[in-house]
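Work through the exercises below with the sequence and the 3D structure open. Try each task before reading its solution.

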Amino acid sequence: FPILELLFQTSWLDFKLGLRMMRKYPGLSLAGVVGMGVAIAIGVGVFAVFQATLFPSIPLDEGNRLVGIENWDTEIRNQDHRSLHDFLTWRAELKSVEEIGAFQARSSNLFKDDGAVEQVRVVEINAGGLRTAHVAPLMGGLLTEEDDKPGSPNVVVISHQLWQRQFDADPGILGRTIRLGATAHTVVGVMP
């Protein structure tokens, strides 16, 4: 292969010339190395910012093991919300995952006993979705498979922050009924 031989000879000559120039002008060589180091550091920094902005990590101990699945309708370029039937099919057929859960985030009104209303962030989630966090509740328990069944009583797990802010860290919160929107829910747990 004469082309490869010519390329090797040319590259070897370029390498020898580069070494000679580095020996002859050490200050310029040092400036070049420092310049390349600064350029690489800037590139890594910009990449880290984009990575953190576009693909934030999940703030859980094993957050790197969690994967989110979203469906997009490519024709209208918008998220395609799946039905409960699709979720149940995925849960039955996906064998390479440990647990699969479904959730939907929204806002709702929390009605307090004194008549005050506060808009709070609510995540409707099934028992499997809450288990994927691998976080133990501070009080009470997590949702169970029985809570997912149609016709089961409405239950809620509240955050520690909400428990302190709205319920004055009342230790008797478990079993208490609270109203979110038009629906009454029984508190079964407090999460950190």
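The model is predicted, so local features need pLDDT of at least 70 and side-chain atom pairs count only at pLDDT 80 or more, while totals for chains, interfaces and linings use all residues. Residues are numbered from 1 along each chain as its sequence is written, and side-chain values use heavy atoms, with hydrogens and water left out.

**Exercise 1. A buried serine**

Task: Determine which backbone oxygens lie close to the polar side-chain atom of Ser152, using the polar contact cut-off (a pair of N or O atoms within 3.5 Å; within protein, one must be able to donate a hydrogen and the other to accept it, and residues adjacent in sequence count only if both atoms are side-chain atoms).

Solution. 
Step 1. Locate Ser152 in the loop between helix H5 (145-148) and E6.
Step 2. Its relative accessible area is 19%, so Ser152 counts as buried.
Step 3. A polar atom of the Ser152 side chain lies 3.0 Å from the backbone oxygen of Asp147 and 2.8 Å from the backbone oxygen of Lys149.
Step 4. With neighbours within four places left aside, Ser152 is in contact with Glu146 and Asp147.

**Exercise 2. Salt bridges**

Task: State how many salt bridges a search of the whole structure finds, then examine the pairs of Glu118, Arg131 and Arg176.

Solution. 
Step 1. Count a salt bridge where a side-chain nitrogen of Lys or Arg is within 4 Å of a carboxyl oxygen of Asp or Glu. The search finds six.
Step 2. Glu118 pairs with Arg165, with 2.8 Å between the closest N and O atoms. Glu118 is in strand E4 and Arg165 in helix H6, so this pair links distant parts of the chain, 47 residues apart. Arg165 is partly exposed, at 42%.
Step 3. Arg131 and Glu145 meet at 2.7 Å, N to O. Because Arg131 lies in helix H4 (residues 127-131) and Glu145 in helix H5, the pair ties together parts that are 14 residues apart in sequence. Both are partly exposed, Arg131 at 30% and Glu145 at 36%.
Step 4. Arg176 pairs with Asp170, with 3.8 Å between the closest N and O atoms. Arg176 is partly exposed at 24%, as is Asp170 at 27%.
Step 5. Shared partners join Glu99, Arg131 and Glu145 into one salt-bridge network.

**Exercise 3. The surface patch**

Task: List the residues that make the nonpolar surface patch of about 820 Å², and classify Leu54 as buried or exposed.

Solution. Step 1. Patches take residues with over 30% relative accessible area and no salt bridge; like charges are joined within 9 Å, nonpolar side chains (Val, Leu, Ile, Met, Phe, Trp, Tyr) within 5 Å. Accessible areas come from the Shrake-Rupley method with a 1.4 Å probe, and for residues only the protein chains shown count as cover.
Step 1. The patch is made by Leu30, Val34, Val38, Ile42, Val46, Phe50, Leu54 and Phe55.
Step 2. Leu54 is in helix H2 (residues 26-54) and counts as exposed, at 55% relative accessibility.

**Exercise 4. Two distances**

Task: Find how many Å separate the C-alpha atoms of Gly45 and Ala127, and those of Glu62 and His134.

Solution. 
Step 1. Gly45 lies in helix H2 and is partly exposed, at 34%. Gly45 and Ala127 are 82 residues apart along the chain, and their C-alpha atoms are separated by 39 Å.
Step 2. Glu62 is in the loop between H2 and strand E1 (72-73) and is partly exposed, at 34%. Glu62 and His134 are 72 residues apart in sequence, with 7.9 Å from C-alpha to C-alpha.

Conventions
Helix = DSSP H or I, 4+ residues; strand = E, 2+ residues; numbered from the N terminus. Buried < 20%, exposed > 50% of the residue type's maximum accessible area, 1.4 Å probe, protein only. Contact = heavy atoms within 4.5 Å.
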